[in-house]
Amino acid sequence: MPSKIIINHSENYRERSGKIRYIIIHCSKFTPEKQIEILNEYKLSTHYIISQTGSITENCPPERVAYHSGESHWLQSEEKSLNETSIGIELEAPNLGQIAEDFTRKQYIALTRILEKLCNEYHIRPENILGHSDIAPARKIDPGCGFYWFKLYRKGYGTWPNMKQKHPSNNEEELLRIIGYDTENLVAARYAFCRHFFAEEVIYNPNLQELLDNPYPKDFTPHKPAEYMSRLKATAQAFQNARQKRYWYMEKKSKTD
Ligand SMILES: [Zn+2]
C-alpha cells in the first residue's frame, strides 16, 4: 500500500457480512475534499478516493460496507446492490472521465498499488474489477470512456478480449449476460459495454450535465456493427475463460513472486 494514506472516515457505513468479491471504479469531477463533503451530504461513502496528484484518501475501511454503488447488478445477482460485496474506488476526473487526459499517470500508479493490496488481501479475481457504469448501465457513466482499462489489464487487473478467441453465440443479449451485464435495458447495457471495451463507439459529449441526465443515447446502435459483434464475442469468451481459471490470480502471483 502506498506509504501515505489520508484518513477521512465516513460515518455512513455498516458492518460487512458478505465476502468481498468486486472492486468498482468510479470517477467524480470534484477534489477528494469536495467529494467527501458531497458524499456526506447525501449520506453516501466510498472506500478510497485518488486525487489527480495520486494522493489517496480512505473514506471507509474495506472491511466495512460503504454506500457507493446504489442500485446495481452483475451476473444476474439477486441482490439489488453490489455494496455488500464490493470495494469502491473514486478517481478525481475533471471531465467525468470522458477524455483520456482526465486520468493522470500518478493516479494509475496509485490505483495499481491499491488494487495489488486489495486483490491480495481479499483474493479478488481480476475479472471482478469493474466500472460503475458496468453494474448500473442505465444510470451511470463513470469511470467514462477515457479510462484506460487495457492499461490495468496489462498489470493483471480486469479482463480484456483476446480477438483470436470468440464465444460461439451470435445472440447479443446472451453475450452481454455472459459477461455479466444486466440486459433488462438492452441499449444501456450495449452502451456500457462500449464504454468499457469499445470506446471508439462512444459519442463524446462535452456537456457534462447533459451527459449525467442522459447516461446513454436512447437509440444507440454501433457504427461498426460487425466489429462490435466481434469484440462482444471475444469479451464474452474472455470472461468465461477467466471464471474457469479459479485460482488464476493466485497462480500468477506465485509464479512471479
Ligand atoms: Zn460512480
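Trainee: What makes you say that helix H2 lies across strands, and which ones?

Mentor: H2 (residues 105-122) lies across S3, strand S4 (48-50), strand S5 (56-58), strand S7 (86-92) and S8. Contact here means C-beta atoms, placed from the backbone, within 7 Å. H2 runs at about 170° to S7, on a scale from 0 to 180 degrees between N-to-C directions, with axes fitted to C-alpha atoms, for helices over the stretch in contact. Helices (H or I, at least four residues) and strands (E, at least two) are DSSP runs, numbered from the N terminus. Bear in mind that this is a predicted model: local features need pLDDT of at least 70, side-chain atom pairs count only at pLDDT 80 or more, and totals for chains, interfaces and linings use all residues. Residue numbers start from 1 along each chain as its sequence is written.

Trainee: How do you know that S3 and S7 pair?

Mentor: Pairing takes at least two bridges found by DSSP between two strands. S3 and S7 have 7, in the parallel sense, so they qualify under that rule. In that pairing, histidine 26 stands opposite glutamate 90 of S7. Parallel S4 and S7 are joined by 3 bridges, and there isoleucine 49 has glutamate 90 as its bridge partner.

Trainee: Why are S1 and S8 called edge strands?

Mentor: The open sheet has 6 strands in the order S1-S5-S4-S7-S3-S8, with mixed pairing. Strand S1 (5-7) and strand S8 (129-131) each pair on one side only. The twist averages 25° from one strand to the next. For S8, the parallel pairing is with strand S3 (residues 22-28), over 3 bridges, and isoleucine 23 is partnered with isoleucine 129.

Trainee: What makes S7 mostly covered?

Mentor: A residue is buried if 20 or more other C-beta atoms lie within 10 Å of its own, exposed if 12 or fewer, and partly exposed in between. In S7, 7 of its 7 residues are buried. Ser86, Gly88, Glu90 and Glu92 point one way, while Ile87, Ile89 and Leu91 point the other. In a regular strand, side chains alternate between the two faces of the sheet.

Terms used. Contact = placed C-beta atoms within 7 Å.
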